[in-house]
Amino acid sequence: MASVPIAASAPIIAPATAPRLTSLDAFRGFTMLLMASEIARLPRALLLAYPGNGPAFFVADMLEHRQWVGVTPWDLIQPSFMFMVGVALPFSVASRRDRGHAFGALFRHALVRSLLLVALGIFLRSQGRPQTYFTFEDVLTQIGLGYPFLFLLAWARPRWQAVAAAAILIGYWAAFAWYPLPPPGFDWTSVGVPVDWPHHLSGFAAHWDKNVSPAQATDLWFLNLFPRESPFRFNGGGYLTLNFVPSLATMILGLLAGGLLKAAPRVPATAWRLAAWGAAGIVLGLLLHILGVSPLV
């Protein structure tokens with residue numbers, strides 16, 4: 001076969017590097033700063049350095065975890081990572097499709113990534129323990145459990161993505177609302193709640209009390225399927241495996257935001273639209289909390 005002259009051959013062009021989404025990088029950096037504040041013990045340092053100082057107390061309070069009811073910026077660290085996974089996915093899928101990857105290959109990649117995240121979360125939580133500690137409530141395992149479903153939804157229209165998020169939230173809320181309340185005289189210490197715990201909820205909101213939910217009942221069955229040092233009875237922080245279900249809704253909201261940013265990344269109206277939806281979500285969440293329909297826990 002005759003060789004092709006170099007001058008006549010097609011030019012080799014390196015694939016263009018996709019520009020980074022600066023807003024996502026900035027959001028990720030801000031979230032990491034919140035994490036660093038805990039590692040550096042910043043709240044305690046502020047209170048010790050400025051005793052009795054109102055602004056210092058406010059900042060320190062915003063960097064602390066709420067024991068059960070309420071929310072601070074620190075409490076939004078894990079949901080923020082969930083949201084960021086959703087934002088990045090439309091860009092990732094588009095990049096791989098441009099490189100000729102078929103749906104089957106992409107889905108297999110998503111499944112492998114999911115399994116690796118779950119395995120890494122379990123590995124990290126098992127450090128310093130005599131045997132593998134099977135737990136699925138930390139950020140890595142929660143992302144891993146929801147990621148395959150998020151990937152499939154990335155191929156749906158935004159309308160159906162929004163419908164899926166709403167169905168998840170309403171369905172999960174209904175499961176808690178219909179789950180029977182503990183009987184009078186219930187031994188709260190059996191689920192890791194002190195007798196004098198000051199964060200109990202009352203009325204309809206009591207369906208979201210700590211460790212007396214369908215998610216707790218699921219973990220009593222599910223986590224005890226794995227080899228353990230001792231049978232699972234409760235999680236001291238109230239963190240449970242099924243938390244990944246509403247967290248998936250958070251990832252879908254990120255997916256919607258990512259799709260919007262990908263379609264119009266530099267249009268000011270996009271920023272205003274995202275800000276308006278964010279503000280509406282905060283107001284709706286506060287109203288549901290104040291009305292006792294779905295408390296912030």
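This is a conversation about reading a predicted model of a protein, one feature at a time.

Biologist: Before we start, what are the ground rules for this model?

Modeller: It's predicted, so local features need pLDDT of at least 70 and side-chain atom pairs count only at pLDDT 80 or more, while totals for chains, interfaces and linings use all residues. Residues are numbered from 1 along each chain as its sequence is written, and side-chain values use heavy atoms, with hydrogens and water left out.

Biologist: How many helices and strands are there in the protein?

Modeller: General idea: helices (H or I, at least four residues) and strands (E, at least two) are DSSP runs, numbered from the N terminus. Here you get ten helices and zero strands. Along the principal axes, the C-alpha atoms fill a box of roughly 90 × 50 × 40 Å.

Biologist: And what share of the residues is buried?

Modeller: Buried means under 20% relative accessible area, exposed means over 50%, and partly exposed is in between (1.4 Å probe, protein chains only). In this protein, buried residues make up 32% of the 297 residues.

Biologist: What can contacts tell me about the chain as a whole?

Modeller: A contact means heavy atoms within 4.5 Å. Take the contacts between residues at least 6 apart in sequence: 70% of them join residues at least 24 apart.

Biologist: Okay, helix packing. How do the axes of H5 and H6 cross?

Modeller: Axes are lines fitted to C-alpha atoms, for helices over the stretch in contact, and angles run from 0 to 180 degrees between N-to-C directions. For H5 and H6, the axes come within 7 Å and cross at roughly 170°. As for naming, angles under 35 degrees count as roughly parallel, over 145 as roughly antiparallel, 65 to 115 as roughly perpendicular, and the rest as oblique. H5 and H6 are therefore roughly antiparallel to each other.

Biologist: Is the crossing of H5 and H6 left-handed or right-handed?

Modeller: A crossing is left-handed if the near helix is turned anticlockwise from the far one by less than a right angle, and right-handed if clockwise. H5 passes H6 in a left-handed crossing. By class, their contact has 17 nonpolar, four polar and one charged residues. The classes go like this: Ala, Val, Leu, Ile, Met, Phe, Trp, Tyr, Cys and Pro are nonpolar, Asp, Glu, Lys and Arg are charged, and the others, Gly among them, are polar.

Biologist: Which residues is Val-118 in contact with?

Modeller: Val-118 is found in helix H5, and Val-118 is buried, at 14% relative accessible area. Leaving aside neighbours within four places in sequence, Val-118 touches Phe-136, Leu-140, Thr-141, Gly-144 and Leu-145.

Biologist: What about H6 and H9?

Modeller: Helix H6 (residues 139-153) packs on helix H9 (residues 244-263) at an angle of about 45°, with axes 9 Å apart. That makes H6 oblique to H9. The crossing is right-handed. On the H6 side the contact residues include Ile-143, Tyr-147 and Phe-149, and on the H9 side they include Phe-244, Met-251 and Leu-255. Sorted by class, the contact of H6 with H9 has eleven nonpolar, three polar and no charged residues.

Biologist: How many salt bridges does a search of the whole structure find?

Modeller: A salt bridge is a side-chain nitrogen of Lys or Arg within 4 Å of a carboxyl oxygen of Asp or Glu. The search finds four. One of them joins Arg-28 and Asp-25 at 2.9 Å, N to O. Those two are three residues apart in helix H1 (residues 22-39), which separates them by about one helical turn. Arg-28 is partly exposed at 31% relative accessibility, and Asp-25 is partly exposed at 27%.

Biologist: Which parts of the chain does the pair Arg-125 and Glu-137 link?

Modeller: Their side chains meet in a salt bridge at 2.8 Å, N to O. The pair links distant parts of the chain, with Arg-125 in helix H5 (residues 103-125) and Glu-137 in the loop between H5 and H6, twelve residues apart. Arg-125 is partly exposed at 35% relative accessibility, whereas Glu-137 is buried at 9%.

Biologist: And where do Arg-129 and Glu-229 sit?

Modeller: This salt bridge spans 3.9 Å, N to O. Arg-129 is in the loop between H5 and H6, and Glu-229 is in the loop between helix H8 (214-222) and H9, 100 residues apart. Arg-129 is partly exposed at 38%, and Glu-229 is partly exposed at 46%.
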